[in-house]
Every structure is written in C-alpha cells, then in structure tokens.
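Here's a quick briefing to read alongside the model. We'll start with the overall picture and then turn to the aromatic side chains.

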Amino acid sequence: MVFNGTITGTPALATGSGTENDPYQISTAEGLKWFRDKVNNAKTPDETKICAVLTADIDLNNEEWTPIGKYTDDGNKTPYTGIFDGQGHSIKGLYVNSASDDYVGLFGCLEGAAVRNLTVDGYVQGCHAVSGIAGDASANSTIENCRNNCRVVSEFVTGRSSSYLYVGGIVGSAADTTIAGCVNTGVVEARGSYNNSRASKAAGIVCTLCGNVIVKNCYNTGEIN
C-alpha cells in the first residue's frame, strides 16, 4: 500500500528535514509509510540518503508491508543509503508475505546505509535474501543494536530456476557490511530448493557473507529450520 499524503509539519507524518543533523522524526505508522515511499520513489541517488529517527514505538497492524529500499523482479533496485535510528523503539505488526520476491524485510536493500537501535516483531516471508531487518546489505552498510523477533521464512517458488534460499534473522545476504550487537529470537526457516541443486540456507544472524563482513557481539536464540 502506498501512502499518498505529504509532510504536514506535525507528528502525524514526520518532522525534520531528513538530513543527518536534522533527521525526520517519525512516531506513527503513517509517517513510516511516508518515509518508505519517499525512499522507494526516489528519482536521484541523493533522495535515498534521507535520514530518520523513531520517537515512539510503531504498530503496523499486520498491514502488508513493502520493504524500504525495493528490489524488483527485473533486477532494478532502489537501495536505502541513509541512516535510520530506532532510538531503542520497536516496530510491531510487521507483515511481509511476498513468496515470489527477493530481498525482503523491513528494509529490502541497504547500500552504504546504517540501521541501528531497532526491534522488529511480526512475520516476513519471501524467496531469496529474507530477514527481519534487511534482506540485503552491502557497500559498507552497518546494522547495529537491532533485534529481530519476527518469524522469517524463505520458500522456493516453482518456475524460478535461479532461486536461492538465503534467510537470516537480521540480514539475509551481506557483503562488505558490519553487523554488531544484534540479537535474533525469531524462528528462521528455509523451505525447499530447486532440484536440490540450489543452496537452501538459514541462519540466526546473517545467512551468506561476501567480501569483508564483520559480525561481532551478536547472538541467536531462535529456532533455525
């Protein structure tokens, strides 16, 4: 669902200017949807660098969620490249049910981004590179002090011969990224593979790592299937 409102200067959506020194301050589900759509509809790379902080816990009420930083079936992507600070707040009722989609979570793709101090709770399902926080993180991204309580599922989709199933509690697929101080308590599950010739992998923190990935001071208590 796309939010079609505009900034009003009130907490109903967001205040601030979106810079690192004056980030958008978000306290409502409507404001978070507005922020997501602003990133996903960016016309220039600079428009994906907008920064935000949460000033309250947010409940998305299990409404179908489109990840921040989208990745489309034709291979095009609009990664999130800014700084998102949850300031210790939670996003509850996160619901993504995109069985045929790759790179899904609260965030789809991160490139050179930072996501920190955030807890997510809900249900996330996709095909490849699935997680509670970010489906894919690369290009010196940082994810720190985040907790995933979501049930996270990747499932093979018939007809997609290129499908890999990489699913992790915090990040599905990471390259040149730092993951620090993160916790997964949610169930993480990978279901099936293509003729048993494609990788089917599940992990508590991050499923697959490429390049220079640092994982430190993290732990998992969730069930891994």
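Tyr 123 has a relative accessible area of 21%, so it counts as partly exposed. Keep in mind that what you're looking at is a predicted model. Tyr 123 also has a partner: together with Tyr 95 it makes a stacked aromatic pair.

**Overall picture**
- Of the 225 residues in the protein, 49% are buried.
- Take the contacts with a separation of 6 or more, and 79% of them join residues 24 or more positions apart.
- The protein's accessible surface is about 9,400 Å², and carbon and sulfur atoms own 44% of that.

**The Tyr 95–Tyr 123 pair**
- There are 6 aromatic pairs in the structure.
- One of them is Tyr 95 with Tyr 123, whose ring centres are 6.0 Å apart with 25° between the planes.
- This pair ties together distant parts of the chain: Tyr 95 belongs to strand S5 (residues 83-97) and Tyr 123 to strand S8 (residues 114-126), 28 residues apart.
- Is Tyr 95 buried, exposed or partly exposed? Its relative accessibility is 25%, so Tyr 95 counts as partly exposed.

**Other aromatic spots**
- Phe 35, Tyr 80, Phe 84 and Phe 107 come together as one aromatic cluster.
- Trp 65 has a charged neighbour: the charged end of Arg 36 sits over its ring, 4.6 Å from the ring centre.

Technical notes: Residues are numbered from 1 along each chain as its sequence is written. This is a predicted model: local features need pLDDT of at least 70, side-chain atom pairs count only at pLDDT 80 or more; totals for chains, interfaces and linings use all residues. Side-chain values use heavy atoms; hydrogens and water are left out. Rings of Phe, Tyr and Trp (its six-membered ring) pair if their centres lie within 6.5 Å; planes under 30 degrees apart count as stacked, over 60 as edge-to-face and the rest as tilted. Helices (H or I, at least four residues) and strands (E, at least two) are DSSP runs, numbered from the N terminus. Buried means under 20% relative accessible area, exposed over 50%, partly exposed in between (1.4 Å probe, protein chains only). A charge sits over a ring if NZ of Lys or CZ of Arg is within 6 Å of the ring centre and within 35 degrees of the ring normal. Contact means heavy atoms within 4.5 Å. Accessible areas come from the Shrake-Rupley method with a 1.4 Å probe; for residues, only the protein chains shown count as cover.
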